[in-house]
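Thanks for coming, everyone. Please bring the model up on your screens, and we will walk through it together.

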Amino acid sequence: MRRGMIHPGPRADQRVQARRATLVPIKGILPAGVSVMQAVGDLFAAHGCRGGMLWLDGVTCDPMRYVLPALSTDGLHAAWYSETYAPDGPWVIESATASVGQKNGEPFLHCHGIWTNDRTRDMGHLLPFDSILTAQAQVSGLGAADTWFESLPDSETAFTLFTPVNGDRGRSVLARLLPGEDVITAIEALAAEHGILHANLHAVGSIDHIRFTDGRRVDCLATELHFTGATLADGSADIPIEVVDITGEIHRGTLTRGHNPVGVTVELIIETKGQKA
């Protein structure tokens, strides 16, 4: 029998938290010799943005530090993280999405992705303060000056999580989907609420026991994922993802409707097509 995550705190009444946002393109070069966090924070500051999302494809790190999703052993959280992975040698990020925002008044990010050292391909949750760029890298993303993700305590999950704050103007949306909400139907309902029919969808988060449209399943409570080329067309969402489970196995597929509940959180940008971004 499928058993969903049971979180320790009271269930929040509002199951999707969202703010309107005006997005601008983020483009630039991350310099070598600094942490991923320092480089990304400086890039967003140079664009006058406090939050958004950035794609780190092509970035090389040495050291590379990351964790996998894991089952909780503390008797409180519904899921947790593995011990830190600290592999030798440079690693190239193949595909990764970073939600960028603020924590205690400083830049912060939450990144899931895939990286390789030419022999091994791994996926996980990047530790951005401990992963150091070994070569400069061209990156791109989306930023917002007046709306961002703020790292805030969440009583339902007992985690500190990115939550959209401030702003609330613009054609696009920054959002957080809360535990148990079906990813596809929640996104479609949110887009409809804001009058959005066509958009690019970008996200980082977790799903509890994943179901793909081709019938494959990831029967795991704790996962780490990001969207890859997800779109909204005529109000209908098509969401391919890359995801890793607690064993380190990487899965790729397209989410099926009605059977993919959020695990801990999904941080989402609905980038309305046709706007400057």
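First, a word on how elements are named: helices (H or I, at least four residues) and strands (E, at least two) are DSSP runs, numbered from the N terminus. Residues are numbered from 1 along each chain as its sequence is written. This is a predicted model, where local features need pLDDT of at least 70, side-chain atom pairs count only at pLDDT 80 or more, and totals for chains, interfaces and linings use all residues, while side-chain values use heavy atoms, with hydrogens and water left out.

Start at helix α1, residues 36–46. Which of its residues are buried? Val36, Met37, Ala39, Val40, Gly41, Leu43 and Phe44 are. Buried here means under 20% relative accessible area; exposed is over 50%, and partly exposed is in between, with a 1.4 Å probe and protein chains only. Keep one rule in mind for helices: there are 3.6 residues a turn in an α-helix, so residues three or four places apart point the same way. Just after α1, Gly48 has a positive phi of about 70 degrees.

Now the cores. A nonpolar core is a set of buried Ala, Val, Leu, Ile, Met, Phe, Trp, Tyr and Cys residues joined through side-chain atoms within 4.5 Å. The largest one has 31 residues. Val183, Leu201, Phe227 and Ile239 touch the most other members. Which elements supply at least two residues each? They are β14 (172–177), α2 (183–193), β15 (199–207), β18 (224–227), β19 (230–233), β21 (240–244) and β23 (262–272). The largest share, six residues, comes from α2. A separate core of 27 residues includes Leu54, Leu56, Trp91 and Ala96.

Contact means heavy atoms within 4.5 Å. Setting aside neighbours within four places in sequence, Val183 contacts Leu177, Ile207, Phe227, Ile239, Leu255, Asn260, Val262 and Val266.

Stay in α2 for Ala192. Is Ala192 buried or exposed? Ala192 counts as exposed, at 57% relative accessibility.

Next, Thr97, in strand β8, residues 91–103. Thr97 is buried, at 2% relative accessible area. Its side chain makes a polar contact of 2.8 Å with the side chain of His226. A polar contact is a pair of N or O atoms within 3.5 Å; within protein, one must be able to donate a hydrogen and the other to accept it, and residues adjacent in sequence count only if both atoms are side-chain atoms. Beyond four places in sequence, the residues that Thr97 touches include Met53, Trp55, His110, His112, Ala203 and Phe227.

On to strand β21. Five of its five residues are buried, so β21 is largely enclosed by the rest of the structure. Both faces are covered: Pro240, Glu242 and Val244 lie on one side, Ile241 and Val243 on the other. Two strands pair if DSSP finds at least two bridges between them. β18 and β21 run antiparallel, joined by four bridges. There, Leu225 stands opposite Val243. β21 also pairs antiparallel with β22, residues 250–254, over five bridges. Glu242 has Arg252 as its bridge partner in β22. Five residues separate the strands in this hairpin, where Gly248 takes a positive phi near 90 degrees.

Phe149 stands opposite Pro164 in β13. Six of the seven residues of β13 are buried. Four residues lie between these strands, and Ala158 takes a positive phi near 65 degrees.

Last, the rings. Rings of Phe, Tyr and Trp (its six-membered ring) pair if their centres lie within 6.5 Å; planes under 30 degrees apart count as stacked, over 60 as edge-to-face and the rest as tilted. How many aromatic pairs are there by this rule? The count is eight. One of them is Tyr81 with Phe159, edge-to-face, at 6.4 Å centre to centre and 85 degrees between the planes. This pair links distant parts of the chain: Tyr81 in β7 (residues 80–81) and Phe159 in β13 (residues 159–165) are 78 residues apart. Tyr81 is partly exposed, at 33%, whereas Phe159 is buried, at 9%. Phe108, Phe129, Phe149 and Phe162 form one aromatic cluster.
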